[in-house]
Amino acid sequence: MDPVASAVRLAVQEAVHILSSSEDGGHIISTLQSLRRYLGETETQAPPEEQEEFSRTHFSTILRCLVGKLSPDWLDLLPDGQLEELWASFFLEGPADQAFLVLMESIEGAASPSFRLMKMARLLARFLSAGRMAAVMEGQCGQQAGPASRLLQETLLTRVVGLPDHLGNRLQRETLAAFFPQNYFPLLGEEVLRVLQAVVDSLRGGLDCSVSFLSQVLGKACVHGRQKEILGVLVPRLTVLTQGNCLWQRVCWRLVECVPDRAMEAVLKGLVEAAPGPEVLSRLLGNLVTKSKKAQFVMTQKLLFLQYSCSMPMLQSLLGYLAMDSQRRPLLVQALKELLETWGSSSAIRHTPLEQQRYVSKALLICLTHLGEAELRASRDELLASLMEGVKSRLDSSLPPVRRLGMIVAEVASARLHPEGPPLKFQYEEDELTREMLALAVPWPAADGPSEAGDDELVPYDMSGDGEQRGSKTPAYVRDCLEALTASEDWERWEAALRALEGLVLKSPAATREVSLELAKVLLHLEEKTAVAGFERLRQRALVAVTVTDPARVAEYLAVQFYALNYSLRQRMDILDVLALAAQELSRPGRLGRAAQRGSPGPGSQPSGAAVPAWKAVVEERVRCKTRRFCKQGSTGRAAAAGPNEFNAVAGYFFFPLLQRFDRPVVTFDLLGDDQLVLGRLAHTLGALMYLAVNTAVAVPMGKALLEFVWALRFHGDAYVRRGLLSAVSSVLLSVPAEWLLADLLDELLEARSWLADVAEQDADEDCRLLAVKALLLLEKLRDRLLPLSSP
């Protein structure tokens with residue numbers, strides 16, 4: 001046996017025996033003073049190897065023994081508090097992590113209320129005021145990442161961040177002020193700063209250090225909702241320390257990079273709020289958004305689209321941070337495209353709060369001010385198309401604030417995107433919001449962006465016909481796309497596969513049918529791995545193409561997945577959109593001929609129009625434009641292509657599975673409860689499928705089932721759901737031949753007519769009343785061909 005370990009163990013055993021059994025104050029104090037040799041606090045210190053053995057193996061045992069002896073009588077064995085002060089010194093001067101854990105353990109295990117509990121709580125307050133928490137955290141910055149170390153760090157993390165909760169639960173009304181969250185977390189921030197200073201000093205001395213534990217402390221504190229308290233101390237000091245100091249900047253970058261993903265959102269939101277501007281935020285974060293997918297999602301998606309609680313200074317700091325470095329500016333361009341797409345979405349205009357629409361509008365204007373002319377020019381056509389579509393949707397709105405947002409953004413955005421064109425001007429009432437938004441439109445000076453100065457005298461080379469060369473990255477077969485989307489770590493190949501998939505599916509239907517269900521599953525769960533322009537549209541079009549190619553199997557699979565567990569509401573609504581779009585494509589006459597022409601060419605092939613000489617196409621176009629045709633009303637030159645309705649044979653696979661389980665909630669999905677938006681979308685989708693099945697053999701059972709669905713939900717409280725139900729009734733009347741209505745659906749129509757009349761007269765929603773009137777008019781038009789309907 002190691003003689004050092006043996007000697008220390010015997011000394012500790014003898015000391016524990018004396019402390020546990022002796023009532024002699026002098027004997028106890030001499031024993032404690034002899035133990036202090038191992039802490040290096042006396043003139044006669046123990047050898048370093050004995051001190052290390054004592055700290056590593058026996059220190060916690062001594063502390064627990066001292067806690068167990070704590071009582072008024074024991075402390076009174078010596079006068080003037082001598083014994084108490086010596087007793088406390090072991091907790092305040094020994095290894096900090098062990099002392100802290102024993103303190104927390106004794107507080108949690110003490111009876112409440114009791115003398116021991118209050119003594120230990122006051123000692124913990126002294127421990128904090130003496131700066132010992134910094135020693136606790138500093139001790140973890142040099143720890144090796146072994147299993148025991150990880151377990152210790154997890155225990156310390158829970159105790160350090162949860163200290164106010166633990167103490168509040170134990171002390172109740174007797175809680176000391178030092179343990180109040182508003183006092184504790186600023187102190188914790190000061191201690192983190194002290195540890196960071198020690199880390200910087202160690203790095204300057206050539207020693208390795210880790211800030212991983214500090215990152216976990218920061219993340220957990222922010223997740224607990226204490227961003228303001230801890231970051232309110234950290235950010236002002238780090239703002240000064242990182243100015244012109246590369247080492248401090250790198251330590252800060254590492255501090256945030258090591259924050260666990262589950263806490264990244266809370267930390268980043270707190271930093272954006274606490275940082276006084278984009279310059280400071282850039283010094284604190286560096287290029288974090290290009291290294292961490294979670295950070296990129298939070299900064300470019302969560303804070304811009306899914307939340308709208310950020311103040312204008314926060315929004316300017318966030319977008320200014322993206323603009324301050326050339327590696328981050330592509331994310332700013334992508335954010336502008338997605339903001340403009342969201343801003344102009346007719347669905348978003350109808351279903352998002354006005355406050356969120358204002359937030360997105362302000363973010364859009366700030367993005368425009370940060371981008372240079374060259375960056376805007378590169379995406380001008382796409383941005384202008386989104387802008388014009390959004391302006392039309394907003395000007396069509398019945399709400400004046402929505403229309404005014406459209407006017408303001410249209411004026412500012414058109415001036416930035418097309419400065420050489422005539423200015424766009426609207427007449428609207430100016431108020432404080434208008435003036436605030438117009439003030440956001442003042443361009444910022446470019447920072448670290450692409451330089452444009454000095455190039456005016458150069459003649460630009462015409463690159464309008466150039467395309468991005470992806471070479472071998474573009475897959476040639478459907479199975480290659482499937483493999484790239486599921487297993488590839490090459491992001492360029494992943495993006496190329498997504499862009500090529502729709503064309504390959506349409507070009508190779510037989511190969512697609514072999515893997516159609518696998519493709520549908522992958523596309524349904526596909527998440528954006530890189531900043532791909534138009535990602536959602538590419539994914540949706542590919543999924544529609546797969547459904548059209550193998551409609552029976554894929555449509556049934558998607559309809560069943562609509563009610564499955566572990567899907568988000570967004571995915572369920574994506575399923576409805578895909579089914580409706582695929583049904584629409586299948587029902588078009590002459591679809592097969594157009595699909596063959598539209599199929600994307602494979603790698604190395606020529607476009608379909610390449611065989612026609614350019615001059616001949618120009619001549620034919622001019623002849624067509626100059627030719628005047630005199631024909632009967634309704635004929636427009638070329639007749640529409642004829643062909644069978646392909647949706648006829650597969651309509652049931654699209655329709656009936658969607659109706660089977662609408663009244664049976666699952667754990668995360670309740671159509672008859674809180675998920676009424678999805679219920680409304682379901683009603684509209686069923687109506688669309690019914691309409692597309694016009695004059696088909698399955699139209700009668702579809703109409704009967706749809707009317708039963710409408711009848712079950714006719715008194716629903718949400719106007720959007722009722723609109724979908726009323727539209728569904730009209731679809732039945734338009735899709736089922738009159739003779740079949742008479743033979744098979746007369747009873748259902750009699751019931752529906754009574755309900756429609758009631759809705760047309762009494763419904764609170766104007767759109768519902770109009771839809772009910774339209775349905776009643778359709779019934780009146782059919783009256784001559786149907787049996788007379790009884791009055792309601």
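**Aromatic pairs and a helix crossing**

With a relative accessibility of 4%, F535 counts as buried (under 20% relative accessible area with a 1.4 Å probe and protein chains only; exposed is over 50%, partly exposed in between). W494 is buried too, at 0%. The rings of W494 and F535 have centres 6.1 Å apart and planes at 15°, so this pair is stacked. Rings of Phe, Tyr and Trp (its six-membered ring) pair when their centres lie within 6.5 Å, with planes under 30 degrees apart called stacked, over 60 edge-to-face and the rest tilted. The two partners sit 41 residues apart, W494 in helix α28 (residues 491-507) and F535 in helix α31 (residues 535-549); helices here are DSSP runs of H or I, at least four residues, numbered from the N terminus.

The model is a predicted one, where local features need pLDDT of at least 70 and side-chain atom pairs pLDDT 80 or more, while totals for chains, interfaces and linings use all residues. Residues are numbered from 1 along each chain as its sequence is written, and side-chain values use heavy atoms, leaving out hydrogens and water.

Ten aromatic pairs turn up by this rule. In one of them, F54 and F59 have ring centres 6.1 Å apart and planes at 70°, so they meet edge-to-face.

Technical notes. Helices (H or I, at least four residues) and strands (E, at least two) are DSSP runs, numbered from the N terminus.
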